[in-house]
Amino acid sequence: SYESLRLSELPVGAKEILRSVRLDKYLNTYAKHSGPNCLAMASAAAGANPALSDQWLHWSPFKSFLKDQGYKTIKTSSPTAGDILVFMKNKTAVHAAFYLGDDLYFEKPGQDFYEPYRVQHFKLWKSDWPETQLLIFRKG
């Protein structure tokens with residue numbers, strides 16, 4: 001089950017950041033086919049380009065894209081709105097999401113068409129992605 005808040009339930013700041021990257025219309029929708037993954041969705045957020053969310057992306061081009069967009073890894077465990085979150089396991093990216101602030105992040109939890117674009121509570125990342133470490137990319 002993939003529970004998620006509706007757009008109307010999001011705090012104002014989280015709603016605004018999701019709208020600013022033009023992904024608000026994706027919330028609680030499904031890809032038309034299997035393939036689109038979390039790295040592509042995070043790239044769509046980083047570039048404010050929803051068309052990117054329909055892709056399947058590997059780690060190396062994802063990192064290059066973030067660098068081209070002006071994102072750098074930072075040394076903190078406290079994200080701020082607009083950060084890209086990457087969950088790492090054994091130096092491998094296993095998931096990525098877009099931090100909305102207000103303890104919420106936007107994600108595509110898998111690459112199958114039945115896994116919706118959704119909002120998840122940040123405090124749950126350790127239970128959703130056990131044995132992972134958080135890597136944070138911030139623009140600027």
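Y2 sits in the segment before α1 (12-20). Helices here are DSSP runs of H or I with at least four residues, strands are E runs of at least two, and both are numbered from the N terminus.

This is a predicted model, so local features need pLDDT of at least 70 and side-chain atom pairs count only at pLDDT 80 or more, while totals for chains, interfaces and linings use all residues. Residues are numbered from 1 along each chain as its sequence is written, and side-chain values use heavy atoms, with hydrogens and water left out.

## Helix α2, tucked inside

Now for α2 (38-46). Here 9 of the 9 residues are buried, so α2 is largely enclosed by the rest of the structure. Among them are C38, M41 and A46. The buried residues of α2 pack against α3, β1 (71-74), β2, β3, β4 and β6 (133-139). After α2 comes A48, with a positive phi near 50 degrees.

N37 lies in the loop between α1 and α2. Is N37 buried or exposed? At 7% relative accessibility, N37 counts as buried. If you skip neighbours within four places in sequence, N37 is in contact (heavy atoms within 4.5 Å) with Q55, W56, L57, K108, G110 and Q111.

## Two nonpolar cores

A nonpolar core is a set of buried Ala, Val, Leu, Ile, Met, Phe, Trp, Tyr and Cys residues joined through side-chain atoms within 4.5 Å. The largest one has 31 residues, and L23, F62, I84, F98, L100 and F106 touch the most other members. Elements giving two or more residues to this core are α1, α2, α3 (59-68), β2 (84-89), β3 (92-101) and β4 (104-107). Of these, α2 gives the most, with 8 residues.

Let's look at L23. Not counting residues up to four places away in sequence, L23 touches L18, M41, A44, A45, P50 and F106. There is also a second, separate core of 10 residues, including Y105, F122, W129 and I136.

## S127, out in the open

S127 lies in helix α4 (residues 125-128). At 53% relative accessibility, S127 counts as exposed. A polar atom of the S127 side chain lies 2.9 Å from the backbone oxygen of L124. S127 and E9 are 118 residues apart along the chain, and their C-alpha atoms are separated by 23 Å.

Definitions and conventions. Buried < 20%, exposed > 50% of the residue type's maximum accessible area, 1.4 Å probe, protein only. Polar contact = N/O pair within 3.5 Å; in protein donor to acceptor, adjacent residues only side chain to side chain.
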